[in-house]
Amino acid sequence: MVEGEDVSAAQDALMRFVRNFGLHQPDRTPCGQPLPVSEAHALAEIARDGHLRQAELTRRLRLEKSTVSRLVTNLERRGWIRRRAASDDARGVLLELTDTGVAAATRQAEARRTRFTDLLARIPDDQRASVVHALQTLAEAADEKS
């Protein structure tokens, strides 16, 4: 049974983390990049695989199709991705990074790496593994598939 004070403490801690980390600022990433967080997530997902079906991006981001379509359009306008028809499905759309998009994704990844390195360095050595494990557990608990 989850106690009310546990719920309150978890809620307060998570809300404080969201604010302190900058997750509540929609027009820049928590790592200080001038890019909406949703676009940064989309760019990272496409970069992870090199190319990605738009339907898969929608699934991974857990956003509506129309929202992802707008994100993709914005990334395309920036010159970071290009769309093409999937070779095995005429209705499918494949998203690929352009050279400029690869550079942008690399900058974003480095900014994330630096921010998390700095953040984790402020956690005492003997607590760091526990904090990382707690974050992984929290992410798994929040997974709607669970």
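**Entry 1: T67**

I looked up T67 and found it partly exposed, at 24% relative accessibility. Partly exposed falls between buried, under 20% relative accessible area, and exposed, over 50% (1.4 Å probe, protein chains only). T67 sits in helix α4. Helices (H or I, at least four residues) and strands (E, at least two) are DSSP runs, numbered from the N terminus. I then took the distance from T67 to S38. They are 29 residues apart in sequence, and their C-alpha atoms are 9.5 Å apart in space.

I note the ground rules here. Residues are numbered from 1 along each chain as its sequence is written, and side-chain values use heavy atoms, with hydrogens and water left out. The model is predicted, so local features need pLDDT of at least 70 and side-chain atom pairs count only at pLDDT 80 or more, while totals for chains, interfaces and linings use all residues.

**Entry 2: the whole chain**

I listed the elements of the protein chain and got 6 helices and 3 strands. From the N terminus on, they run α-α-β-α-α-β-β-α-α. I looked up the box along the principal axes. The C-alpha atoms fill roughly 55 × 35 × 25 Å. The chain has 146 residues, and 27% of them count as buried.

**Entry 3: E5 and L138**

I went to E5 in helix α1. E5 counts as exposed, with 65% relative accessibility. Then I looked from E5 to L138. They are 133 residues apart along the chain, and 18 Å separates their C-alpha atoms.

**Entry 4: a nonpolar patch**

Which residues form a nonpolar patch on the surface? I found L14, F17, L23 and L138, with about 340 Å² of accessible area together. Patches are made of residues with over 30% relative accessible area and no salt bridge; like charges are joined within 9 Å, nonpolar side chains (Val, Leu, Ile, Met, Phe, Trp, Tyr) within 5 Å. Accessible areas come from the Shrake-Rupley method with a 1.4 Å probe, and for residues only the protein chains shown count as cover.

I checked L23 on its own. L23 is in the loop between α1 (4-21) and α2 (37-49). L23 is partly exposed, at 39% relative accessible area.

**Entry 5: the largest pocket**

L23 came up again here. The largest pocket is lined by 37 residues, and F17, F21, L23, H41 and F116 lie nearest its centre. A pocket is found on a 1 Å grid over the protein atoms alone: it is an open set of points with protein on both sides within 12 Å along at least five of seven lines, and a cavity is a set where a 1.4 Å probe fits but cannot get out; lining residues have an atom within 4 Å of a point. The volume of the largest pocket is about 1500 Å³. Grid points are joined across faces, edges and corners, and a volume is the space filled by probe spheres set on the points.

I sorted the lining by type: 23 nonpolar, 6 polar and 8 charged. Ala, Val, Leu, Ile, Met, Phe, Trp, Tyr, Cys and Pro count as nonpolar, Asp, Glu, Lys and Arg as charged, and the others, Gly among them, as polar. α1, α2, α3 (54-61), α5 (99-121) and α6 (125-142) each supply at least two lining residues.

**Entry 6: the second largest pocket**

I found about 190 Å³ of space in the second largest pocket. Its lining includes R53, K65 and D89. α3, α4 (65-77) and β3 (89-97) are the elements that give two or more residues to this lining. Which element gives the most? β3 does, with 4 residues. By type, this lining has 2 nonpolar, 4 polar and 4 charged residues.

**Entry 7: salt bridges**

How many salt bridges does a search of the whole structure find? The search gives 12. Each is a side-chain nitrogen of Lys or Arg within 4 Å of a carboxyl oxygen of Asp or Glu.

I looked at E45 and R48. Their closest N and O atoms are 2.9 Å apart. Both lie in helix α2, 3 residues apart, about one turn of the helix. Buried or exposed? E45 is buried, at 13% relative accessibility. R48 is exposed, at 57% relative accessible area.

E56 and R59 pair at 2.6 Å, closest N to O. This pair is in helix α3, also 3 residues apart, about one turn. E56 is partly exposed at 22%, and R59 is partly exposed at 47%.

Last, R83 meets E76 at 3.2 Å, N to O. Both are partly exposed, R83 at 30% and E76 at 33%. Elsewhere, salt bridges that share partners join E45, R48, D49, E56, R59 and R60 into one network.
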